[in-house]
Amino acid sequence: MELNRRTVIAGAAAAGIAATTLGGTAHATGGRTPVKSLFGKLADGTKIYCWSLENGGTRLKVLSYGGIVQSLEIPDRRGRYTNVSLGFDTIEDYVSSSPYFGALIGRYGNRIAKGKFTLDGKAYQLSVNDGDNSLHGGAQGFDKRVWDIEPFTKGSDVGLYLYYTSVDGEMGYPGTLRSKVTYTLTRHGDWRIDYEATTDKATVVNLTSHVYWNLAGESSGTIYDHELSIAAARYTPVDSGLIPTGELAKVAGTPFDFRRTKTVGEDIRVAHQQLLYGKGLDHNWALDKGITARPEHIATLRDPSSGRTLKIATTEPGLQFYSGNFLDGSLVGTGGTVYRQGDGLCLETQHYPDSPNHPSFPSTVLRPGQTYRSTTVHSFSA
Ligand code: GLA
């Protein structure tokens, strides 16, 4: 019985078919076979699908638009599930007004000053969409692209392969960039992201994920009571446009010191110039471990009221911690409530902002023949 089921599911996955007709949970693989449903349509008629996955107590919904995590449900210490990721109910809302809710970010997560950089002696001008600067890949970044999605089940893991090819010159970036992002839900309920990309011309790449976490639930109010630790003795201070000055400043004695666990809100109202620039915390922490071949633990976020805990491990050298400062009460989320400042926070694993203009920062250059690789693992407990 179980053997038959496993064969059927593996067959469906291999054929790239949504296992909608199979229904139910796939106990043979330890998780639910990804199920595909129609989420909505873009103005030009393109169908946007929602993929639902479940494994090890974590439930994930992913859109083919932007690779967006539309919902991520985990239990609290009493087993009560809630969606801990901010988002919308309709594709129209994602298209018209999303501040990158749950999205894949590319080609370059974070800011590039004035959208300019020089590589191998050639100057490039990128799409500028954040004041004078280029943010998150420009006006039509990877968060606004339709990704091809293939489900898989592998041993006790379930997941999705997401593919997007960015043409040479898109948003001003050189080279055809082929990206493959793998979302895996493990039997422990971990959500793992593996990013890969190749190019046919020298270019810069910095992919990340822009989930807004609220471990008490996406419509439960602010995250200021969440406890956070970040394994970083230094961060990259910014100018008023949130572009790094190039300095790697010590966090000791500043609101940026999260080496010992403290609440997000503890120092957020300190009159520090950097907090004025960011309207709160919106900075890149230079992780002590630097770039690593394997994901290493770098941050822990915990909501004391529910006990829900998120641990992040990554291969990346940086973490952009954004405390949801620009949420301004103008968006209505999946829970039917308005999102206000601080209702969610982002922990974006990445290379440092504006690296193409800072030779002293770890390089984000990708050349033909090389494969860009980056991995981040989100582990949940309560
Ligand atoms: C990133 C940036 C923030 C802000 C958000 C989106 O996290 O660092 O400054 O632009 O994206 O609102």
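User: Which strands each supply at least two residues of the lining of the largest cavity?

Analyst: This is a predicted model, where local features need pLDDT of at least 70, side-chain atom pairs count only at pLDDT 80 or more, and totals for chains, interfaces and linings use all residues. Residues are numbered from 1 along each chain as its sequence is written, and side-chain values use heavy atoms, with hydrogens and water left out. Strands are DSSP runs (E, at least two residues), numbered from the N terminus. Those asked for are S14 (191–199), S16 (208–210), S27 (346–350) and S29.

User: What volume does the largest cavity have?

Analyst: On a 1 Å grid over the protein atoms alone, a cavity is a set of points where a 1.4 Å probe fits but cannot get out; lining residues have an atom within 4 Å of a point. Grid points are joined across faces, edges and corners, and a volume is the space filled by probe spheres set on the points. The lining includes Trp191, Thr208, Glu348 and His378. The space in the largest cavity is about 60 Å³.

User: Which pocket holds the ligand?

Analyst: A pocket is an open set of points with protein on both sides within 12 Å along at least five of seven lines. A molecule sits in one if more than half of its atoms lie within 2 Å of its grid points. About 490 Å³ of space lies in the largest pocket. Of its 23 lining residues, Tyr100, Arg111, Asp130, Leu135 and Phe326 are the closest to its centre. The ligand sits in the largest pocket.

User: How far is the side chain of Glu348 from an oxygen atom of the ligand?

Analyst: A polar contact is a pair of N or O atoms within 3.5 Å. His136 places a polar side-chain atom 3.0 Å from a ligand oxygen, and Gln320 places one at 3.4 Å. For an N or O atom in the side chain of Glu348, the distance is 2.7 Å.

User: How much of the ligand's accessible area does the protein cover?

Analyst: Accessible areas come from the Shrake-Rupley method with a 1.4 Å probe. On its own, the ligand has 310 Å². The protein covers 94%.

User: Which residues lie nearest the centre of the second largest pocket?

Analyst: About 180 Å³ of space lies in this pocket. Strands S28 (365–366) and S29 (372–381) each supply at least two lining residues. Of the 14 residues in the lining, those nearest the centre are Glu316, His351, Ser363, Tyr372 and Arg373.

Notes:
Helices (H or I, at least four residues) and strands (E, at least two) are DSSP runs, numbered from the N terminus. A polar contact is a pair of N or O atoms within 3.5 Å; within protein, one must be able to donate a hydrogen and the other to accept it, and residues adjacent in sequence count only if both atoms are side-chain atoms.
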